[in-house]
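Biologist: Could we go through this model together? I would like to start with a single residue and then move on to the helices.

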Amino acid sequence: MSEVAAGHLAGEPAKVTRTRSLARIAKEQAANIGWIAAALLAALLVGAIAIRIQGIDPLSAYGAMATRAFGGWRAVGNTLKAATPLLLTGLGTAVVFRAGFINVGQEGQLYIGALVAAIIASADLGTPGWLQILIAMAAATVAGAAWAAWPVFLRVRFNANEIVTTLMSSYVAILAISWLVNGPLRPAGVAVGSTAPIRPAAHLPFVPGTPIGSGILIAVAAAIIFAVVFNRTPLGYEWKILGHNAHTARYAGLRPARLWLLAALASGGVCALAGAIEVLGVQFRFVEGLSPGLAYVGILVALIARFSPAGIVLVAILFGAINAGAIGLEMASGVPAQISSVIQGLMILFVAAQVGLRSLIGRGPRGSH
Amino acid sequence: MDDSPALRVDGVTVEFGSLRAVDDVSLACRAGEVYALVGENGAGKTTLMNVIAGVVRSTRGSISVAGRPLPVGDTRAALQAGVGMVRQHHTLIPSRTVAENIVLGHEPRRGIFYDRRRAAELVAGLSSRFALPIDPNAVVADLPVGLKQRVELLKVLSWDVRIVILDEPTAVLPPDEASRLLDVMRGLAAEGRTVLFISHKLKEVVSVSDRVGVLRAGRLVAESAIVETSIPELASRMIGEDAAAAGAFLGVDEGAAARSARAGAGTPVLAVEALRVTDADGKQCVDGVDLDVAAGEITAIVGVEGNGQAEFMEAIAGIRDVASGRVSIGGTDVTGLDVEARRQGYLAHIPEDRLFNGACVSLSLRDNLILGFHREPRFRTGPFFRAEALRAFARGLVGAFDIRARYLDQPIGELSGGNIQRAIVARESTHDVPLVLVAQPTRGVDIRAMATIHARLRELAAAGRAVLLVTSDLDEALALSHRIAVFFRGRILLGGETREIGRERIGLAMSGALGT
């Protein structure tokens, strides 16, 4: 049996074990990227059929998409702008899912952040623009975190299923905000539900000398912080234990209520930050229907990336490119921009199919005795 | 007696990916024979049995029953051909009755409907024919583990099988029920059936079987008539070392050695007073237990499973709420403290179910070894882990406890049961705390792991810790403990110094036959 034949770990020099494990990690990462690339390719192939049915040459259509997504600084700016909310809500998904708390209320958290940021950034605080931006983002983060906390209480106190409570919390938030921006908060003379425009000084600046919004920098910084917390701190370790086996966590004396609360606060905060950046850097006021389900796409991004922050950055940029590219495609050839949803949906399907494929290809069942 | 083989296994090989679990095994069994299969964990015993019973598909080789080849990987065909298996982990449906479980798959019908009454009659008939009394209308969930196993056996016998396979049938049974089961096995053989069984208990192998086969690393390395071999020889074949070294693993007269090494009655570390615990259904599962465990002492709790031992341990660990009573450790009342607070300086815990509680199977060996140590300052720089310090710590445990893994980042679930248990024992016994709770530490582990674990428990006591052990293996309790308490229906029915309590009285107390 393998355990008898395999080298005895204790007897080997420390270096060997370490190198081996690094090689294994590298191999696993390469395999993950390979699988995602395979899913993308498969999705593009099936998408090509859909495009072909409309009588358009898929290759030139995809060419137009790629140009619109990556051809020049402006295109890159659009791709990254589209990627930013997906990245942040992806992180907001990873942190709770890792801890075994299936929060799906990201969309509502994003809306709360967007509204709070819009209210603060449109008010005259008498502060410099940069300070107003910081206050708006901080307040949005706190509001989103607070909103994400109560489903944890319901779960811990009454064992209420968090998938239901968080999903409902999203509807409550979005509909309450809809009432606010159609009622008390709507400026006079505006037809659509919205807040007043934010002050020009409070617009999120571009990265100097480029057409790239600075939102992506905030999002990538958040990804780095999450990666460090996940992999380098006791908190990230305890989230992992709790997410993998709640019984072990309880037996070892970890405190699920506290861990879930921290995860939910982080999730709510980072998703609200996504909303704030949409307002401060893209829309410049809160408009009803601000997000066409961005946070749900963020959940998918996190699932595809298997909750790894680095993976989420990559997949979010990929999805941002597909979204940005699809708009160019529509303008160039008349293929509806919804093709981006088709391709992303197919990717999810193929990624989900991989779980089954991997077990078929990779290895058979494990030996018992 | 008919000499044609009732069962022939011919060149069977089973590969899981690159792993060869069973390697070209051939054997033959006669009708009327009890054949025991022994070997370490991971030697391939269960896999081989699964192939014979049609649960696992072999890569190569064939099985034939009474000269007729058996289709591979088809349990139903195997049952119809007369091969049935009683599995180590029960496969009954807990919410259904005994009769429903037994007839499942070949239910008596009236028209298109299930015939409940005839099912009950069939089961009553089987029960009296094989002298295995059971109430056909009892709900399986309400039965004690020994009776559940009886249902499993009747379920297999209901197919009128000629070959009965049992996988570690006595592992969960108290001594008297185990010996009764061995009688039943002999009875089945006397009727001309073939009984194949897997066991880690060499004593019972020698007492019940006609022949024995030894599997090591998937190969059948020895086969012999039972009268021509001995326990030390079997043990040495299992671990592949000479008989003298194997003697050490068998721990002959370990108990006497441990007791003589005892440093006199120490001060009480654990003091439990009038502890009552109520389970989720409102049943009083621990009913007023008083128990002290002194420093330097191993106290063993024995009893038939389900008499409150598991709940008692969980209550001390803080995982389960107590209804009333007091738990003190080192003079401090910890009754109101949660698990985290109790583990901080009071106790460590080797839990009963290692895969359910003790380990995260999908996480790495390193992640599992550092659990509980991960907040210590020596492993951190500010808020951040010192990854090298954690690895060095984990590597130290791997070396000290002989945990066999390919690398520290290997998911612990890929290791054998014995190695997972060694890892948990390593982790928990390294905590600097006065009390160590240990539940079923060697269930299902091979003798080599058992030896490591027993040695470690003795070291802990010798170093002045108090060790509270729950085990359903009476031999283990007698070998390790200074004192024994027998649990029956949530109470201690018998307690005292191990050397003064006789095995017979313990057996009586376990079955509730002993008055207090």
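Biologist: Is B:Gln440 buried or exposed?

Modeller: B:Gln440 is buried, because 25 other C-beta atoms lie within 10 Å. A residue is called buried if 20 or more other C-beta atoms lie within 10 Å of its own, exposed if 12 or fewer, and partly exposed in between, with C-beta atoms placed from the backbone. Please note that this is a predicted model, in which local features need pLDDT of at least 70 and side-chain atom pairs count only at pLDDT 80 or more, while totals for chains, interfaces and linings use all residues. Residues are numbered from 1 along each chain as its sequence is written, and chains are lettered from A and ligands numbered from 1 in the order in which they are written.

Biologist: Where does B:Gln440 lie, and what is its phi?

Modeller: B:Gln440 is in the loop between strand S21 (435-439) and helix H17 (447-462) of chain B. Helices (H or I, at least four residues) and strands (E, at least two) are DSSP runs, numbered from the N terminus. The phi of B:Gln440 is near 45 degrees, a positive value in a residue other than glycine.

Biologist: What about B:Asp24?

Modeller: B:Asp24 is not a glycine, yet has a positive phi of about 55 degrees. B:Asp24 belongs to strand S2 (residues 19-29) of chain B, and counts as partly exposed because 14 C-beta neighbours lie inside 10 Å.

Biologist: How is chain B divided into domains?

Modeller: Chain B has domain 1 (1-82 + 161-250), domain 2 (91-160), domain 3 (266-346 + 435-516) and domain 4 (361-432). These bounds come from an automatic or database domain assignment. The C-alpha centres of domain 1 and domain 4 of chain B are 35 Å apart.

Biologist: Now chain A. How many helices and strands?

Modeller: Chain A has 14 helices and 0 strands. Of its 369 residues, 47% count as buried.

Biologist: Which angle do H4(A) and H11(A) make?

Modeller: Helix H4 (residues 73-98) and helix H11 (residues 256-283) of chain A pack at about 170 degrees, with their axes 7 Å apart. Axes are lines fitted to C-alpha atoms, for helices over the stretch in contact, and angles run from 0 to 180 degrees between N-to-C directions. H4(A) and H11(A) are therefore roughly antiparallel to each other; angles under 35 degrees count as roughly parallel, over 145 as roughly antiparallel, 65 to 115 as roughly perpendicular and the rest as oblique.

Biologist: Which residues make that contact?

Modeller: Among them are A:Leu88, A:Leu91 and A:Val95 of H4(A), and A:Val270, A:Leu273 and A:Ile277 of H11(A). Two residues are in contact if their C-beta atoms, placed from the backbone, lie within 7 Å.

Biologist: Where is A:Thr210, and what does A:Thr210 touch?

Modeller: A:Thr210 is in the loop between helix H7 (162-182) and helix H8 (215-232) of chain A. Leaving aside residues up to four places away in sequence, A:Thr210 touches A:Trp73 and A:Gly77. The C-alpha atoms of A:Thr210 and A:Val76 are separated by 9.9 Å, with the two residues 134 apart along the chain.

Biologist: Finally, how many residues of H13(A) are buried, and what comes just after H13(A)?

Modeller: H13(A) is mostly covered, with 18 of its 25 residues buried. Just after H13(A), A:Gly334 has a positive phi of about 85 degrees.
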